[in-house]
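User: I would like to go through the terms used for this model and see what each one rests on. Please show the structure and then take my questions in turn.

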Amino acid sequence: MDKNSNAYTFIFAIAMVIVVAVALSFTATSLQPMQAENVRQEKMQNILSTFTGDSIIVEGEKVELTRAVASKVYDNYVTEELALSNQGESKDEDAFKINLAKQLTLDESEQTYPLYVANYQNKTYYVVPLRGSGLWDAIWGYVALEEDVNTIKGVVFDHKGETAGLGAEITTDWFQERFVNEKIYNDSGQVVGVEVKKGYSGGDNKSDNAVDAISGATITGDGVSKMMKERLKNYKPYFEKIKKSGKVAIR
Amino acid sequence: MEVKQQKEISKTDKKKEMIMFLSSSEEKEHFLSKANRKILSDPLNDNNPITVQVLGICSALAITVQLKPAIVMSLAVVFVMAFSNVIISILRNSIPSRIRIIVQLVVVATMVILVDQILKAFAYDVSKQLSIFIGLIITNCIIMGRLEAFALGNGVYKSFLDGIGNAAGYGLILIVVAFFRELFGSGKLLGYEVLGHKGLTMADSTGLYALGYENNGFFLLSPMALIVVGIVIWVQRSRNRKLIEEN
C-alpha cells in the first residue's frame with residue numbers, strides 16, 4: 001500500500017488511536033483502586049491534622065501523621081460523621097462519601113453538609129470541610145473548631161492550581177498557623193469566619209475575625225475568606241443546637 | 001598544536017567519563033560499541049540538552065526548588081523519552097510522513113499519562129507536587145526534538161540509548177541545580193536539615209544557623225534557577241573549551 005496515500009494515513013491514524021485508547025484505559029482502570037485509596041487516606045490525614053498537627057499521639061507515643069498512620073487511627077479519633085441539612089438536622093447518609101463540590105451546585109435547601117466530630121486527648125473537635133475557588137482553580141480544606149464551636153483549633157488548606165510561591169503558600173504551616181485560636185463568630189453573634197486581610201494591622205488580636213494576607217496572593221486570599229465564611233455559615237443551625245444542649249447531639 | 005593538545009585532553013576526559021559511567025555495568029560493556037557509547041554519553045556533556053542545546057529550560061526552572069521532585073521528574077523523563085524513542089523507532093518505516101508530528105505527540109502523551117497514573121497510584125505525594133509539570137513533559141522540546149532528529153532515522157536499540165542519554169543529561173542538570181537551590185534556599189537536602197536546625201532564636205539553633213547563617217530565600221525563586229543554570233554552563237564551558245563558539 002502506498003504510504004503517502006490518504007487511505008493509508010487514515011488507517012494508520014485510526015489503528016493508533018485504538019491501540020492507545022485500549023492501553024490507557026486498561027492502566028487507568030487497573031490502577032484506579034490504589035489511587036482512590038490514596039485519596040481516601042489523604043482525606044483522613046487532612047481531617048486528623050486539623051486538630052493534631054503534623055504529629056499525632058497514638059498509645060502515648062508521638063508519631064508522624066502520615067497517610068498510612070492516619071488511615072489506621074482515623075476510626076479511633078473521629079467518633080462521628082454527620083450529614084447535616086441546612087436546617088441542622090442530621091440525615092441518614094455516609095458523610096465521608098459526600099462530594100461537597102457536587103452538593104454546592106444544588107439548591108441550598110437540598111444541600112447536605114458533612115461534619116466530623118472527633119475526640120482527641122479528652123477534647124471534642126468539630127471538623128468542617130471547606131470548598132471554594134482561588135485564582136485559577138478550586139481550593140479546599142478543613143477547619144477544626146473547639147468545643148465552644150467558635151475557636152479554631154487548626155486548619156488545612158489545599159489547592160488545585162494556585163501559583164507556586166504565591167497562592168500556593170496557603171498550604172504552608174506558617175500561613176495556616178495564623179488561623180489558630182481565631183474566632184468564627186463576630187461580636188453580634190453572626191458566623192463570619194476569618195477574613196484574610198490585606199494590610200492587616202491587628203497583630204495578634206484573635207477576636208477580630210481577621211488574619212494577615214500573603215502578599216501577591218490577593219485573589220487566593222479572598223477565596224479563602226469567602227470559603228470560610230460561606231461554608232461555616234451553613235453549619236450555624238447545628239452549632240446553635242450544640243451550644244444549647246452543651247454536648248454533641250446524637251444521631 | 002594547541003588545538004591538537006586540547007583535543008587529546010578532551011578525548012581522555014571523555015574516556016574517563018565513559019569508564020565511570022559504565023563501571024556499574026561492566027558485564028554489559030561489550031554490548032556497547034564505541035558508537036553506541038557515544039550516543040549514550042554525548043548528551044551528558046558535549047551535547048547536553050540544557051546547557052549546550054539550551055532546551056527544556058522552562059521545566060528546569062519550575063521543579064528545581066527541591067531535590068526530590070527534580071529526581072522524580074528526571075526518572076519520569078528518562079522513562080518517557082526512552083520508550084517514546086523506542087516506539088517511534090519501531091514504527092519509523094510505517095509512519096506516514098504527513099502525520100508524523102501528530103503520531104509523535106500521541107506517543108509522548110500516552111507515555112506521560114502512563115507516568116502520571118503510575119505516580120498517582122504509587123507515589124501520591126510526589127504526584128501532587130509534580131502534577132502540572134508531568135503534564136508539561138508533553139511539551140518538553142527535548143523529547144520532540146529527539147524523536148524527530150534521531151528516532152525517525154535510527155534503529156531501536158540506538159534510539160533507546162539516545163533517549164536514555166538525553167534524558168539523563170537533562171536530569172543531571174536538573175539535579176545539580178536542585179541540589180544548590182534546596183541547600184542554600186532551605187538548608188535541606190531531600191528534606192533533611194543538613195546545615196543544622198533553625199530555631200526561633202539563635203540560642204535554639206544548631207549548626208550553621210547558630211553562627212548566624214540565614215537561608216537565602218532568593219534561591220527558592222525561579223530567577224535563581226536561571227542563574228544557577230548559567231553558572232553551570234559557565235563552569236562546563238571553561239572546562240570543555242570546544243563548546244565555546246568562535247566569533
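User: Where in chain A is A:N181 placed?

Analyst: This is a predicted model. In it, A:N181 sits in the loop between α4 (173-176) and β9 (195-197) of chain A.

User: What makes the phi of A:N181 worth a remark?

Analyst: The phi of A:N181 is positive, about 70 degrees, although the residue is not a glycine. Most residues other than glycine have a negative phi.

User: Why is A:N181 called partly exposed?

Analyst: Its relative accessible area is 37%. Buried means under 20% and exposed over 50%, so a value in between counts as partly exposed.

User: A:V149 also comes up; where is it placed, and is it buried or exposed?

Analyst: A:V149 lies in the loop between β7 (138-145) and β8 (152-159) of chain A. Its relative accessible area is 0%, and because the limit for buried is under 20%, A:V149 is called buried. A:V149 has a positive phi too, about 40 degrees, and is not a glycine.

User: How many of the residues in chain A are buried, as a percentage?

Analyst: Buried residues account for 47% of the 251 residues in chain A. The chain has 6 helices and 10 strands.

User: In chain B, how do you know whether α4(B) and α8(B) are roughly parallel or roughly antiparallel?

Analyst: The axes of α4 (residues 67-91) and α8 (residues 156-186) of chain B come within 8 Å and cross at roughly 165 degrees. Angles over 145 degrees count as roughly antiparallel, so α4(B) is roughly antiparallel to α8(B). Their crossing is right-handed.

User: What kinds of residues form the contact of α4(B) with α8(B)?

Analyst: The contact divides into 20 nonpolar, 7 polar and 3 charged residues.

User: What makes a set of residues a nonpolar core, and which residues have the most contacts inside the largest one?

Analyst: Such a core consists of buried residues of nonpolar types joined through side-chain atoms within 4.5 Å. The largest has 47 residues, and those with the most contacts inside it are B:I50, B:M73, B:V80, B:V103, B:I134 and B:I137. Elements giving two or more residues to this core include α1 (6-52) of chain A and α5 (100-122) of chain B. The largest share, 8 residues, comes from α5(B).

User: Which residues is B:I137 in contact with, leaving aside its neighbours within four places in sequence?

Analyst: Among them are B:M73, B:V80 and B:I143. A second, separate core of 35 residues includes A:L115, A:V155, A:L232 and A:I242.

Key:
Residues numbered from 1 in each chain as written. Chains lettered and ligands numbered in written order. Predicted model: local features only at pLDDT ≥ 70, side-chain atom pairs only at ≥ 80, totals over all residues. Heavy atoms only, no water. Axes fitted to C-alpha atoms, helices over the stretch in contact; angles between N-to-C directions. Helix = DSSP H or I, 4+ residues; strand = E, 2+ residues; numbered from the N terminus. Parallel < 35°, antiparallel > 145°, perpendicular 65-115°, else oblique. Left-handed = near helix turned anticlockwise from the far one by under 90°. Nonpolar A, V, L, I, M, F, W, Y, C, P; charged D, E, K, R; others polar. Buried < 20%, exposed > 50% of the residue type's maximum accessible area, 1.4 Å probe, protein only. Contact = heavy atoms within 4.5 Å.
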